[in-house]
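Q: I would like to learn how to read the features of a structure one at a time, with the general idea first and the particular case after it. Could we look at the sequence and the structure together before we start?

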Amino acid sequence: MKLLFKLAIKNLTGAGLRTWLNVIVLSFSFLIIIWHKGLLNGWDRQARNDMVNWETGTGQFWQSSYDPFDPFSLTDAHSKIPSVFDTLITKGEIAPVLITQGTIYPRGRIQSILIKGISSAQRVLKLPGELFLKSNDDLPVLIGSKMARDNGLKTGDVTTIRWRDVHGTFDANEMKVIGIFDTNVPSVDAGQIWVPLDRLQKMMGMPGEATILVCGNFDTNGRTPEGWKFKSSEELLKTVTDIIKMKSAGGIVLYIILMSLAMLAIFDTQVLSIFRRQKEIGTYIALGMTRSQVVGLFTLEGSLNSVLAALLAAVYGIPLLALQATKGMSFAGTAKSYGLVVADKIFPVYSLGLVATTIILIMLTTTIVSYLPSRRIAKMKPTEALRGKLQ
Amino acid sequence: MENSTLISIEALKKHFPTSGGRFTALNGIDLKIGKAEFTGVVGPSGSGKTTLLNIIGSLDSPSEGRAMVLGLSISDLNVKQAALLRRTRLGFIFQSYNLLPVYTVFENVELPLLLLKLNESQRRKMVMDSLEWLGLTDKVKSKPAQLSGGECQRVAIARAMVKRPEIVLADEPTANLDAANSHNILKTMVRLNSEFQTTFIFATHDDKVISYLKRKISLVDGKVEKDEITGN
């Protein structure tokens, strides 16, 4: 094997430009597959982190009637906050959120919104609830930057807000935007405003009540109070996970095209090699190699293309990928407008597993593609091969 | 088999299938070749010279009859045994040199030793000895494309001789060379034959080669027409 390896390296490097063309094409495949997967991994990690930090926490207790996809469920989706969580709420490790529907009238337009009440003491989510403490306004609200942009609102703006209380009675007030936060999570931004929890409870006539309880970093020990249901982090992140899985599946098409191009080049080279190097094949056999050894040599030569490609990809790819992992890749906010959790910049994440899997996959494919034409050698007559006669 | 007999061929026939039936390349050959002979199988194209050499070299097998080479029956050798025979005890010289173009002269000559798995210092010594016999020590780092035809054939001889085989099979070794180079090469082979007692068997129809042979086996239509000691 050592000898075949030595000969294969020698033959491969001796083939010059032909080898390097294959190696360059293959190294692109390595790089683009790793880069694309790294980007998806980076997005996955960033989206999960942002979702956990801004919306889901490490899990949530939902009032049993609550269904985020059915706005009508909000009328009944509120209950007293279970007293077992009092200490955790005081410590800021559970963030109760009361959710109801409402309407605002920015610049004379009508906009249906969700009104969400959150405690200024909570430390579970990144929402800047502490701003409520600095405000003396009757109804201070926080909104996200997308909500502000869509409705032409800015800090200090006052607009009318209307809602229905627990008895179904309409009420209205002036709300004041006291802060605008930036988030990558559209589901805590678009079409909603955040108000102090106690103020919303008072507005709704629902003292001490909440719709959901967002959990921080603590163990729930499987405690689910009656009238509430627990949603794990995985369940809450399912949507984003599914989107990324779908994107990954789409990426496979790209990988197949890239790999096909690279493999076509290698297959072609192998066929050409066997066609052009018949005398050489005959000489190897005359010098005492078996045909299977020669098949092994040619297969090894072909598959070594992937080794050289991996080395070449490492030479120019590591700096490029490292640079992008540091600087990130800008998505210019387009994806956010579709409701996807995408940061302005995604920082690709390249794991050892990703790199190893890609290398193994490409090497395996290259070996198979190299072996297929090389099998012809086993059927060659050495006497004909020595004369360079086509077989 | 006599002690000095390296090759013993009896009633050897070789048929090749053709579209219309079969072509008989060798049609009942009987001959013995001994140690240190400088023998040529001569005859016109299609007389079966190369086929005979291929069978002796275990690159092909007889259709009928028996070919014993260095005590081994070619018909009975499996692929690995045949490869081992070629690797350890036979050397080949071809008409078109068959040097590996991406290898240097040194590497081309070293290749048979690599297959024998000799260590680097042994290989280096044997390669340099071989190149010295052929006067190629100044071409060690050259590639075949940088050499003349005569030099290429000398490299091919060095490659055939480097492992000190018992038999060297040379198929039309001078066909691509001019007269001066042909004589030069043949003188070298005569010298190696007498110095190392290596058996040389040529397949040729070149008069220059024939003039150096000590024994001439004439083949016509796959049969030995004449087997004569030339007295060289």
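Q: In which accessibility class does Glu10(B) count?
A: Relative accessible area sorts residues into buried (under 20%), exposed (over 50%) and partly exposed (in between), with a 1.4 Å probe and protein chains only. Glu10(B), at 35% relative accessibility, counts as partly exposed. This is a predicted model, in which local features need pLDDT of at least 70 and side-chain atom pairs count only at pLDDT 80 or more, while totals for chains, interfaces and linings use all residues. Residues are numbered from 1 along each chain as its sequence is written, chains are lettered from A and ligands numbered from 1 in the order in which they are written, and side-chain values use heavy atoms, with hydrogens and water left out.

Q: With which residue does Glu10(B) form a salt bridge?
A: A salt bridge here is a side-chain nitrogen of Lys or Arg within 4 Å of a carboxyl oxygen of Asp or Glu. The partner of Glu10(B) is Arg66(B), and the closest N and O atoms are 3.9 Å apart. The pair links distant parts of the chain, since Glu10(B) is in strand 1 (residues 5-18) of chain B and Arg66(B) in strand 4 (residues 64-69) of chain B, 56 residues apart; helices (H or I, at least four residues) and strands (E, at least two) are DSSP runs numbered from the N terminus. Arg66(B) counts as partly exposed, at 39% relative accessibility.

Q: How many salt bridges does a search of the whole structure find?
A: Over all chains, the search finds 22 salt bridges. One of them joins Glu234(A) to Arg48(A), with 3.3 Å between the closest N and O atoms. Because Glu234(A) lies in helix 7 (residues 233-236) of chain A and Arg48(A) in helix 2 of chain A, this pair ties together parts that are 186 residues apart in sequence. Glu234(A) counts as partly exposed at 49% relative accessibility, and Asp44(A), Arg48(A) and Glu234(A) are linked in a network of salt bridges. Lys154(A) and Asp157(A) form a salt bridge too, their closest N and O atoms being 3.7 Å apart, and here Asp157(A) is buried, with a relative accessible area of 16%.

Q: At what angle do helix 10 of chain A and helix 11 of chain A pack?
A: Axes are lines fitted to C-alpha atoms, for helices over the stretch in contact, and angles run from 0 to 180 degrees between N-to-C directions. Angles under 35 degrees count as roughly parallel, over 145 as roughly antiparallel, 65 to 115 as roughly perpendicular and the rest as oblique. Helix 10 (residues 291-327) of chain A and helix 11 (residues 352-378) of chain A pack at about 150 degrees, with their axes 8 Å apart, and these two helices are therefore roughly antiparallel to each other. The contact, meaning heavy atoms within 4.5 Å, includes Phe298(A), Gly302(A) and Ser306(A) of helix 10 of chain A and Met363(A), Ser370(A) and Tyr371(A) of helix 11 of chain A. By class, this contact has nine nonpolar, eight polar and one charged residues, where Ala, Val, Leu, Ile, Met, Phe, Trp, Tyr, Cys and Pro count as nonpolar, Asp, Glu, Lys and Arg as charged, and the others, Gly among them, as polar.

Q: At roughly what angle do the axes of helix 2 of chain A and helix 8 of chain A cross?
A: The axes of helix 2 (residues 17-56) of chain A and helix 8 (residues 238-276) of chain A cross at roughly 170 degrees and come within 10 Å, so this pair, too, is roughly antiparallel. The residues of their contact divide into 20 nonpolar, eight polar and six charged. Ile252(A) has its place in helix 8 of chain A and is partly exposed, with a relative accessible area of 44%.

Q: How many of the residues of helix 9 of chain A are buried?
A: In helix 9 (residues 278-286) of chain A, eight of the nine residues are buried, so this helix is largely enclosed by the rest of the structure. Among the buried residues are Gln278(A), Glu280(A) and Tyr284(A). Just after helix 9 of chain A, Gly288(A) takes a positive phi of about 115 degrees.

Q: What is the phi of Asn98(B), which is not a glycine?
A: Asn98(B) has a positive phi of about 55 degrees. This residue lies in the loop between strand 6 (90-93) and helix 3 (105-115) of chain B, and Asn98(B) counts as buried at 4% relative accessibility. Glu172(B) also has a positive phi, near 45 degrees, in the loop between strand 7 (167-171) and helix 6 (179-196) of chain B, and Glu172(B) is buried, with a relative accessible area of 10%.
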